[in-house]
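Thanks for coming, everyone. Let's get the structure up on the screen and walk through it.

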Amino acid sequence: MRRYGKHTDEDDIRSRPNRKGNRPRTHTRPKHEDAVEGMVLTVDRGRLTCLVDDRIVLAMKARELGRKAAVVGDRVSIVGDLTGKKDTLARIVRIEDRKSVLRRTADDDDPYERVIVANADQLAIVTALADPEPRPRLIDRCLVAAFDAGLEPLLVMTKSDLASPDKLLELYGHLDIPYVVTSRAELESGDAVGRVREQLDGRITAFVGHSGVGKTTLVNSLVPEERRRLTGHVNAVTGRGRHTTTSALALPLAGDAGWVIDTPGLRSFGLHHVDPSRVILAFPDLVPGTEGCPRACSHDEPDCALDQWVAEGHADPARLYSLRRLLSTRERTEGD
């Protein structure tokens, strides 16, 4: 039954009064053509510290972005108060397209992805040679994530004064992965800075590693103290007194030569988000051995050609064991 006639006049139509007295909502969103581009340096409980030109600006995410979250390394468009003065707050209205995304899950059976950093070019995997002992399987997992994200891996071995790097170099030295060996004395004196800087210049490098490997000590030696203090001061603007190493933090290298991103110490590196067929790409020393594999080989079955390939001495058996351990974990996850 029609409530109104075919030719209604707008005066004949009853409308509900707007009790709040504000303008009616609209689906038309502003284009924010005056927005300025910035880079996210760190995220602290809903507040994002951004670099806009040469100013540090504190911002929050606009409601119109919905559930889309900005992470360290993101290029964003910002409106509002961009002076960077105390007690000012800008607004992030757009997150620009990302050229790379480094992700992980808490465990292999956890479907929830956590984005660590965006737009990085390189992943520096930091491992101590002793105290704590190296964890090759964690290194392998980081390599898988790096290859999946399209990042170039860099292996940084610390505390060479406590143990020799020879054992790790036997596993990874022949994979054409760049590496740097440092000692505690070299980091304290700054002698190792030059060797590491050669691998970082002109790039955005994310540093990952589990607690105690000297990752943050290495980052501090790469970044001049005055810039570290500046960023730490800005991070404290949120009023929560949170230490900078509890969340990812982007720091510029001197001379605008690149960026280093310090990340919290890792306890695990889940790979639920990685397609199992791509895991083999993190083991380039094993890839040639897959040419004789049957079609759709999982590389963890009796007919896999990798067994003979490794038995003939083309690759280290420990590498095949690490690959299959990752694959078997992923297969169990897929079957759950």
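Of the 336 residues in this chain, 45% are buried. Keep in mind that this is a predicted model. The chain contains 8 helices and 13 strands. Take the contacts between residues at least 6 apart in sequence: 65% of them join residues at least 24 apart.

How far can we trust it? The average pLDDT over the chain is 83, and 82% of the residues score at least 70. Two stretches need care. Residues 233-244 stay under 50 in pLDDT, and the model has 19 contacts for them beyond four places in sequence. Residues 332-336 also stay under 50, with 5 such contacts in the model. Where pLDDT is low, the predicted coordinates should not be read in detail.

Now the inside. The largest nonpolar core has 53 residues. Which of them touch the most other members? Leu-123, Leu-286 and Leu-323 do. Helix α1, residues 136-149, supplies the largest share of this core, with 8 residues.

Next, helix α4, which covers residues 193-200. Which of its residues are buried? Val-193, Val-196, Arg-197 and Leu-200. Look down the axis of α4: these buried residues fall within an arc of 105°, so they line one face of the helix.

The axes of α4 and α5 come within 10 Å and cross at roughly 85°. Angles from 65 to 115 degrees count as roughly perpendicular, and α4 and α5 are therefore roughly perpendicular to each other. On the α4 side, the contact is made by Val-193, Val-196, Arg-197 and Leu-200. On the α5 side, Leu-218, Ser-221 and Leu-222 make it.

One last detail. Just after α4 comes Gly-202, with a positive phi of about 80°.

Definitions and conventions
Residues numbered from 1 in each chain as written. Predicted model: local features only at pLDDT ≥ 70, side-chain atom pairs only at ≥ 80, totals over all residues. Heavy atoms only, no water. Buried < 20%, exposed > 50% of the residue type's maximum accessible area, 1.4 Å probe, protein only. Helix = DSSP H or I, 4+ residues; strand = E, 2+ residues; numbered from the N terminus. Arc of directions from axis to C-beta. pLDDT = per-residue confidence, 0-100. Contact = heavy atoms within 4.5 Å. Core = buried A, V, L, I, M, F, W, Y, C linked by side-chain atoms within 4.5 Å. Axes fitted to C-alpha atoms, helices over the stretch in contact; angles between N-to-C directions. Parallel < 35°, antiparallel > 145°, perpendicular 65-115°, else oblique.
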